[in-house]
Amino acid sequence: MILENTQLIFHNFAVMKKIYLDNASTTAIRPEVIQEMTKVMAEDFGNPSSTHSFGRNAKSVLELSRKSIAKQLNAAAQEIIFTSCGTEANNWILRSAVEDLKVKRIITSKIEHHAVLYTVQALQKEFDIKVDYVAVKPNGEIDITNLVELLAQNHKTLVSLMHVNNEIGTVLDLSRVAPICKQYNALLHSDTVQSIGKKEIDLKELPIDFLVASAHKFHGPKGVGFAFVRKNSGLQPLFYGGEQEKGLRAGTEAVHQIAGMAKAMEVSYANLENERAQISELKKYLIEQLEIDFPGFIVNGSQDGFYNMLNVLLPFSNDKTAMILFHLDMKGIAVSRGSACQSGSIRASHVLAEMLSDEDLRKPSLRISFSHYNSKEDIDILINALKSI
Ligand code: PLP
């Protein structure tokens, strides 16, 4: 009997429509990307540093990928340096800015991703640098007036502020912040992991020094990313070895991953207008449905944040908080509590801690993040599942 029940549960789980609403954590790889990567793995296995024809083939895939990525951002190909992920690119830029560019102060915020926050803390321990945290407004936006006040103090400074916050989706207006940093002679690094592939960025127009990207956030493969490093930056490598990436990032390039990333970026930007419109509609629909079924809900951050995510505090009792993700998971629905790395732990999100009271922090907040693969039906299923808790 027990066996039969267990079998029934597994059967139901297998036939159940699975709903993925956690696209800020990672995204499904586009079929065109898988096709491109498979082709490169099968046909272009050479080492791009080799001078024979196998190597030259791989090198050509690498350089065409670099060119294609640079073109999407209106950058020069030599300004794109491939890395293993967004975390590596953030670590590299921040560390070299302190060690090699002799930055004496970093201005950042307490709502950055840990790839920036923990790196800055480690650098502060290791080096004699000052760290200033710019104020965050109650709606999760950076207080630009406070940023200007901090910049007015005379230190050699790097500003590190993320473009789109990965937990609450607030957007930094780079077209406003970049010229301000330039005016005060500060370097600007922006963690653009959540925005590249999902928002236009023109690096001829924006005086930004450093950006980072991660392919798995825009329907590309995991384990590959890149840094945009403005020409003549003076950055030195994070680690040493071969002469790959003009000596700035040693290690044989993952050619198939890089080709997949370039393809993912190309397809994402080619479809951006349509997909953004479709996803924005889904976010609007979710808010409408929450207003009908959970009228006491509160948006963490700003309702006008990035179009692909919504972080909401739901009016559930405290005893239901711990079980909410589990219940949704049992119904085949994937959403996130705060950011992915914290979703398995009971530690409150460091981002929400900046804007919620201790009491609200204990209540259930969910991050629901979309892609073009989602539909209104997915939202109906989520709402029904939440109603049944
Ligand atoms: N920065 C932000 C804003 C992110 O959302 C993430 C991923 O969650 C990262 C950095 C880390 O990127 P990666 O997974 O490529 O190391």
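Helix α8 (residues 255-270) has 16 residues, so at 1.5 Å a residue it should span 22 Å, and its end C-alpha atoms do sit 22 Å apart. The expected span here is 1.5 Å times one less than the number of residues; helices are DSSP runs of H or I with at least four residues, strands are runs of E with at least two, and both are numbered from the N terminus. The model is a predicted one, where local features need pLDDT of at least 70 and side-chain atom pairs count only at pLDDT 80 or more, while totals for chains, interfaces and linings use all residues. Residues are numbered from 1 along each chain as its sequence is written, and side-chain values use heavy atoms, with hydrogens and water left out.

Most of α8 is covered, with twelve of its 16 residues buried (under 20% relative accessible area; exposed is over 50% and partly exposed in between, with a 1.4 Å probe and protein chains only). Among the buried ones are Val255, Ile258, Met261, Met265 and Tyr269. This buried set packs against α2 (31-43), α3 (53-73), β2 (80-83), β8 (225-229) and α9 (272-293).

Turning to the ligand, its surroundings include Cys85, His113, Met162, Asn166 and His216, where near means a heavy atom within 4 Å. By class, the shell has three nonpolar, seven polar and two charged residues (Ala, Val, Leu, Ile, Met, Phe, Trp, Tyr, Cys and Pro count as nonpolar, Asp, Glu, Lys and Arg as charged, and the others, Gly among them, as polar). A polar side-chain atom of Asp191 comes within 2.6 Å of a ligand nitrogen. For ligand oxygen atoms, an N or O atom in the side chain of Ser214 is 2.5 Å from one, and a polar side-chain atom of Lys217 is 2.7 Å from one. On its own the ligand has 400 Å² of accessible area, and the protein covers 87% of that (Shrake-Rupley method, 1.4 Å probe).

Glu88 belongs to helix α4 (residues 86-99) and counts as buried because its relative accessibility is 11%. Its side chain makes a polar contact of 2.6 Å with that of Ser84 (N or O atoms within 3.5 Å; within protein, one must be able to donate a hydrogen and the other to accept it, and residues adjacent in sequence count only if both atoms are side-chain atoms).

Lys17, in the loop between α1 (2-15) and β1 (19-20), is partly exposed because its relative accessibility is 41%.

Methods. Contact = heavy atoms within 4.5 Å.
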